[in-house]
Amino acid sequence: MPRTSQQLHTHREPVKTRPAATVLLMRDAPTDNGETVLEVLMTRRSPHASFLPGAYVFPGGGIDALDAAPESHALTDHRPTQNAQRITEAVAGIRESFEELGILLARHSDGRFADAADIAAIDRDKLFIAQCAERGLRLAADDMRLLAHWTADRTSPKRFSVPFLVTRMPQGQEPVADEAEQFEPVWVRPGDALAQHKQGKFFMIFPTIRTLDFLQRFATVQALLDEISRDEEPLWNCCPRSGLVGGRETRFMDHESPFGELALVTPDGQILHPLDWQSERAVPLLKNVQRLTAPNPGVMTGPGTNSYLVGDPSSGFIAIDPGPADPEHLDKLWRAAGGDIRVIICTHSHPDHSPGARPLQDLVAQYGKPKPPIRGLASHSTARVDSQFAPDAELADGETIALHGVSPEGAVTHTLQAIHTPGHAANHVCLLLKEDGLLFSGDHILNGSTTVVNPPDGNMDDYLDSLDKLDVICEQFGVEFIAPAHGYVIEQARAAIAKLKAHRLAREAKVLKAMQALPRGTLEDWVKLAYDDVPERMWPVAQRSLQAHVDRIRGMEPGN
């Protein structure tokens, strides 16, 4: 984890969460053409409610102590895989569905679902469990399936931790709102609810919107239930994070690319960090880390090449990947460092990373500072003509470069350790900021895409071995964040590495299958099968990594 002393913002402890449960009551509704479509039951909260007034929501509420009581659990039918927590959540969801909408998710001992007579006999304002027991009803917890788990934003003044449970609407029952907390029950197709929300007619909050967005891919309730995991774990577990896009608060889930950067810069959830890609000024990520994105966006570079500055005014700075030889970009990088750049490091020799090194070195010296040495690895003979690079001194694997300064708390050190990671390029180097557990990954690990491994300078065996090497380093030094050369910061470093390796091996399995299906085929033939999930316009680029996979597969054949 980054040092507390290097965090940009004063920590604010989020409000503690309270447990709750939400129920998505689903049904298959007929359409005009004789087909069926999935619908979900929603209600409008009271305009006077203290929490989410006027919002359209799924029924639900806080978990009560009685929901977890042994007598409540004893009154449920449940699956053997549902533990006590899952049963408690189901009981709370069943109780709230009845109290808010008069929906009774319970059965008689002979398996008959509760009917209108049962509903009429149970008072919403009295103890629900006791009344069900008196009528011999058992709660249908076994029909409740866990879809997702949402936790309210860290900045929310009132925070709930909420499983979203899915169940079918019982036949013969009709929702009747309590007219206190909930009003206007309505059956709605997920896509229609989202369309009305965009028109400003159907106010919903972020978790509701994202859940509906997921639901609209399913045509029937059964199709949704088939998708839900049988291990009693949610399909996703998310506490959203918010940043500023165009100056406006925007939320993100943990699978979305800005999420990791927000976790690094504003770990307690404060909505302060701008996410707009721009090349005008450096963006602080920590007190000792700045990112300036070069104005070279494109298919291969994403929003542009990230140049990083490590250090502070008292220690001076190390510049990582000065990028292309763009005078304006280099001037902005130099100014962001106050002209005090002590070392320039290039992660590899590609033309969007290293050509700016010499001009930046000259710029520093031009204004009276010592000429900073350029470090890295020289390009190999396999490098392309446009990727020639010669450092002032080679950067040995494991070598460290340290800056020393003084902070308000006292002496401070910023240490970068070199990690040789061939694969994307033969001379590729990653850098570990040891004190803050931050990995600068160059092009080896990217946010939002996989890097190209282009033989002969690129090598897939080397690439995969380097991923394993980085995983060991991340475990050893407790690395949680990765700062890539393209895209936002990535969180959960080891999980990201594991996912990337799994993706590469899965792609290789498709390559092998394509080669076996067309043993006399060419790269042009195989790319159509192995990269059928990639837009055709990207196949020429994909063929580079395809060649690397082919080389690796052939290298594993007997006799090689």
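Which strand does Glu 184 lie in? Glu 184 sits in strand E9, residues 182-188. Helices here (H or I, at least four residues) and strands (E, at least two) are DSSP runs, numbered from the N terminus.

A word on the ground rules first. This is a predicted model, so to speak: local features need pLDDT of at least 70, side-chain atom pairs count only at pLDDT 80 or more, and totals for chains, interfaces and linings use all residues. Residues are numbered from 1 along each chain as its sequence is written, and side-chain values use heavy atoms, with hydrogens and water left out.

Most residues other than glycine have a negative phi, and most peptide bonds are trans. Glu 184 has a positive phi, near 50°, and is partly exposed at a relative accessible area of 41%. Gln 492 also has a positive phi, near 50°; you'll find Gln 492 in the loop between strand E25 (490-491) and helix H12 (493-517). Gln 492 counts as exposed, with a relative accessible area of 51%. The cut-offs are under 20% for buried, over 50% for exposed and in between for partly exposed (1.4 Å probe, protein chains only).

Then there's a cis peptide bond joining Pro 455 and Pro 456, with omega about 5°. Pro 456 falls in the loop between strand E23 (438-442) and helix H11 (460-477).

**Cores**

In soluble globular proteins, nonpolar side chains tend to be buried together. A nonpolar core here is a set of buried Ala, Val, Leu, Ile, Met, Phe, Trp, Tyr and Cys residues joined through side-chain atoms within 4.5 Å. The largest one has 32 residues, and those with the most contacts inside it are Leu 24, Met 26, Met 42, Leu 147, Leu 212 and Leu 224. Elements that each supply at least two residues of this core include strand E1 (17-30), strand E2 (36-45), helix H5 (190-198) and helix H6 (206-215). Another core, of 28 residues, lies apart from it, with Leu 139, Ala 141, Met 169 and Ala 177 among them.

Back to Met 42: not counting residues up to four places away in sequence, Met 42 touches, among others, Glu 184, Phe 202 and Leu 212. Contact means heavy atoms within 4.5 Å.

**Leu 505**

Helix H12 also holds Leu 505, which is partly exposed at 36% relative accessible area. Leaving aside neighbours within four places in sequence, Leu 505 is in contact with Leu 464 and Arg 552. Leu 505 and His 549 are 44 residues apart in sequence and 9.2 Å apart in space, C-alpha to C-alpha.
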